[in-house]
Amino acid sequence: MGADEQDGRDLLAEWRGLVDSLVTSLTTASGRASLPRDLLGAMQRQLELGQELLERERGLQRELTGRLTAPIDAAFDLLEESAVALRRQAEALQAAGRALEETASLMKRQAELFERTIASVRAPADRAKAVAGIDRRRRGSNGPKAKPTGRKTRPDGRKTRPDGRKTTPR
């Protein structure tokens with residue numbers, strides 16, 4: 001029970017006490033007992049109407065407060081749902097990151113196995129070439145060797161054109 005509701009009930013109790021006191025005074029002052037009873041009936045009806053009015057007002061206040069705070073509650077509900085969605089996204093990203101790390105590790109292992117397999121398969125061919133006196137053709141990490149451009153390097157490190165003339169320094 002709120003403080004306003006308790007204050008309203010106290011007010012009604014005081015009103016009722018005042019009416020009872022008034023009826024008692026009128027009964028004593030007047031010799032007629034029916035007049036105070038009629039007056040008492042009317043005053044009790046007023047008291048009941050006042051109490052009903054007070055209860056309706058409180059009901060309206062609750063309803064109005066509920067309607068005013070409903071959008072705020074809805075906004076907080078949406079924010080809570082957004083937080084849950086963000087947490088789930090973060091967990092999914094963590095799981096994806098772990099899966100990518102595992103995939104990268106497996107791919108490295110496959111590359112190592114592939115390199116070892118190539119070396120194992122190539123070894124007999126290299127031995128046969130060595131016995132026959134053929135040099136193994138070496139390739140760089142970027143694939144086959146590039147074709148020569150026809151430029152020769154002089155002893156001083158500068159390049160010459162295919163026709164033998166010197167190139168200009170850059």
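The legends below describe an overview and several close-up views of one predicted protein model.

Residues are numbered from 1 along each chain as its sequence is written. Because the model is predicted, local features are described only at a pLDDT of at least 70 and side-chain atom pairs only at pLDDT 80 or more, while totals for chains, interfaces and linings use all residues, and side-chain values rest on heavy atoms, with hydrogens and water left out.

**Figure 1. Overview of the elements of the protein.** The protein has two helices and two strands, where helices (H or I, at least four residues) and strands (E, at least two) are DSSP runs numbered from the N terminus. Read from the N terminus on, these elements follow the order α-α-β-β. Of the 170 residues of the protein, 6% count as buried; buried means under 20% relative accessible area, exposed means over 50%, and partly exposed lies in between (1.4 Å probe, protein chains only). The protein exposes about 15100 Å², of which carbon and sulfur atoms supply 57%. Accessible areas come from the Shrake-Rupley method with a 1.4 Å probe, and for residues only the protein chains shown count as cover. Among contacts in the protein with a separation of 6 or more, 40% join residues 24 or more positions apart; a contact means heavy atoms within 4.5 Å.

**Figure 2. Confidence along the chain.** The average pLDDT of the protein is 79, and 68% of the residues score at least 70; pLDDT is the predictor's confidence in each residue, from 0 to 100. Where pLDDT is low, the predicted coordinates should not be read in detail.

**Figure 3. The salt bridge between R45 and E48.** The structure holds four salt bridges, each defined as a side-chain nitrogen of Lys or Arg within 4 Å of a carboxyl oxygen of Asp or Glu. In one of them, the side chains of R45 and E48 meet at 3.5 Å, N to O. About one helical turn separates R45 and E48, because they are three residues apart in helix 2. R45 is partly exposed, with a relative accessibility of 44%, and E48 is also partly exposed, at 42%.

**Figure 4. The salt bridge between R67 and E63.** Here the side chains of R67 and E63 form a salt bridge with an N to O distance of 2.9 Å. The two residues are four residues apart in helix 2, so about one helical turn separates them. R67 counts as exposed because its relative accessible area is 60%, whereas E63 is partly exposed at 41%.

**Figure 5. The salt bridge between E112 and R109.** The side chains of E112 and R109 meet in a salt bridge of 3.7 Å, N to O. Both residues belong to helix 2 and lie three residues apart, about one turn of the helix. E112 has a relative accessibility of 42% and is therefore partly exposed. R109 is likewise partly exposed, with a relative accessible area of 42%.

**Figure 6. A nonpolar surface patch.** I72, F76 and L79 make a nonpolar surface patch of about 320 Å². Patches consist of residues with over 30% relative accessible area and no salt bridge, in which like charges are joined within 9 Å and nonpolar side chains (Val, Leu, Ile, Met, Phe, Trp, Tyr) within 5 Å. L79 counts as exposed because its relative accessibility is 56%.

Figure 7. G50 is found in helix 2 and is partly exposed, at 29% relative accessibility. The C-alpha atoms of G50 and L12 are separated by 8.1 Å, although the two residues are 38 residues apart along the chain. A125 also lies in helix 2 and is partly exposed, with a relative accessible area of 39%. From A125 to R136, eleven residues apart in sequence, the C-alpha to C-alpha distance is 9.3 Å.
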